[in-house]
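Please look over the sequence and the structure shown here before reading on.

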Amino acid sequence: MKDLNSIISEKEYLEGLSNVSIENKVPIVTYEVGRLLEVIAFIKNPKRVLEIGCGQGYSTYFIVKNLKKASFTGIDLNNKRLLKAKEFITSTFPELNANFYSGNALKIIPDLNLEFDFVFIDAAKFEYPAYLEILLKKLKKNALIVADNIFCDEKIFARYVKEHDRNSVEGLKKFIKLIQNKEFFDTKFIDMGDGVSISIYKK
Ligand SMILES: C[S@@+](CC[C@H](N)C(=O)[O-])C[C@H]1O[C@@H](n2cnc3c(N)ncnc32)[C@H](O)[C@@H]1O
């Protein structure tokens with residue numbers, strides 16, 4: 001029962017974290033998507049994890065909580081958020097080999113001398129295809145790429161998209177097409193939160 005009882009206190013703790021993010025106007029994954037990330041990471045048991053857009057570390061918590069002997073790399077454009085994520089994750093999981101980089105993932109990733117077997121993308125929607133392009137050189141065979149906000153508040157299904165959302169929707173549509181290329185990826189879409197894609201890199 002110990003593990004089960006701790007779920008209740010963990011849920012309250014996560015609600016607190018989620019409220020802080022909402023107060024700070026940081027968009028975060030839903031609780032359910034967080035739990036989905038937790039399950040995927042537990043089953044995959046990756047050794048090198050990359051998160052593009054780690055924010056204040058709410059989604060990171062779910063990804064890393066069950067990792068064993070893994071390294072984690074978190075990137076966020078917003079330095080204030082990144083520092084919060086670093087403080088939160090390194091204090092909560094002191095044994096994790098975690099590195100945090102503040103800046104544009106498109107500039108940082110090419111310089112990382114690492115190959116990843118799990119990547120979570122949750123940053124600027126219009127840039128999703130560009131993230132994928134630079135990731136291709138940094139992925140291990142059978143790496144998992146999970147991406148959030150695939151539905152873009154259902155705008156991805158709309159016939160008319162407002163000017164304001166056009167870049168995001170176009171970026172997402174291009175990303176969706178790329179991850180549906182069967183030569184490179186085996187992809188499934190999950191109707192959870194704002195839509196999640198899960199792709200296995202075949203090369
Ligand atoms: C939806 S929030 C991330 C929330 C976080 N994954 C969570 O659920 O707790 C998106 C984040 O992506 C970051 N971002 C946007 N474009 C980026 C880029 N090119 N490189 C790195 N981070 C970026 C933003 O600063 C923002 O904090």
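What follows describes the overall build of the chain and then some of its parts.

## Overall build

The model is predicted. In the protein chain, the secondary structure amounts to seven helices and seven strands. Read from the N terminus, the order of the elements is α-α-β-α-β-α-β-α-β-α-β-α-β-β.

The C-alpha trace of the protein chain spans about 50 × 35 × 35 Å along its principal axes. The radius of gyration of the protein chain is 16 Å, which agrees with the value near 17 Å that a compact globule of 203 residues would have. Of the contacts in the protein chain between residues at least 6 apart in sequence, 67% join residues at least 24 apart.

## Surface and charge

Of the 203 residues in the protein chain, 47% are buried. The protein chain has an accessible surface of about 11,300 Å², and carbon and sulfur atoms account for 53% of that surface.

The protein chain carries 31 positive and 27 negative charges. The mean positions of these positive and negative charges lie 5 Å apart.

Strand β5 covers residues 139–148. Seven of its ten residues are buried, so strand β5 is largely enclosed by the rest of the structure.

Strand β4 covers residues 116–121 and is joined to β5 by five bridges. The two strands run parallel. Within this pairing, Val119 has Ile145 in β5 as its bridge partner. In a regular strand, side chains alternate between the two faces of the sheet.

## Two loop residues with positive phi

Lys25 lies in the loop between α1 (2–23) and α2 (31–44). Its phi is near 60 degrees, which is a positive value in a residue other than glycine. Is Lys25 buried or exposed? Lys25 has a relative accessible area of 69% and is exposed, since the cut-off for an exposed residue is over 50%.

Asn45 is placed in the loop between α2 and β1 (48–52). The phi of Asn45 is near 45 degrees, again a positive value in a residue other than glycine. The relative accessibility of Asn45 is 34%, so this residue counts as partly exposed.

Phe100 is part of strand β3, which covers residues 97–102. With a relative accessibility of 11%, Phe100 counts as buried, because buried means under 20% relative accessible area.

Which residues are in contact with Phe100, leaving aside its neighbours within four places in sequence? They are Cys54, Phe72, Gly74, Leu82, Ala85, Lys86, Ile89 and Thr90.

Glu87 belongs to helix α4, which covers residues 79–92. Glu87 is exposed, at a relative accessible area of 55%. Along the chain, Glu87 and Phe100 are 13 residues apart, and their C-alpha atoms are separated by 10.0 Å. Gly34 and Phe100 are 66 residues apart along the chain, with 20 Å between their C-alpha atoms.

Definitions and conventions:
Residues are numbered from 1 along each chain as its sequence is written. This is a predicted model: local features need pLDDT of at least 70, side-chain atom pairs count only at pLDDT 80 or more; totals for chains, interfaces and linings use all residues. Side-chain values use heavy atoms; hydrogens and water are left out. Helices (H or I, at least four residues) and strands (E, at least two) are DSSP runs, numbered from the N terminus. The radius of gyration is taken over C-alpha atoms; the globule rule is 2.2 Å times the number of residues to the power 0.38. Buried means under 20% relative accessible area, exposed over 50%, partly exposed in between (1.4 Å probe, protein chains only). Contact means heavy atoms within 4.5 Å. Accessible areas come from the Shrake-Rupley method with a 1.4 Å probe; for residues, only the protein chains shown count as cover. Lys and Arg count as positive and Asp and Glu as negative; His and the chain ends are not counted. The place of a charge is taken as NZ of Lys, CZ of Arg, CG of Asp or CD of Glu. Two strands pair if DSSP finds at least two bridges between them.
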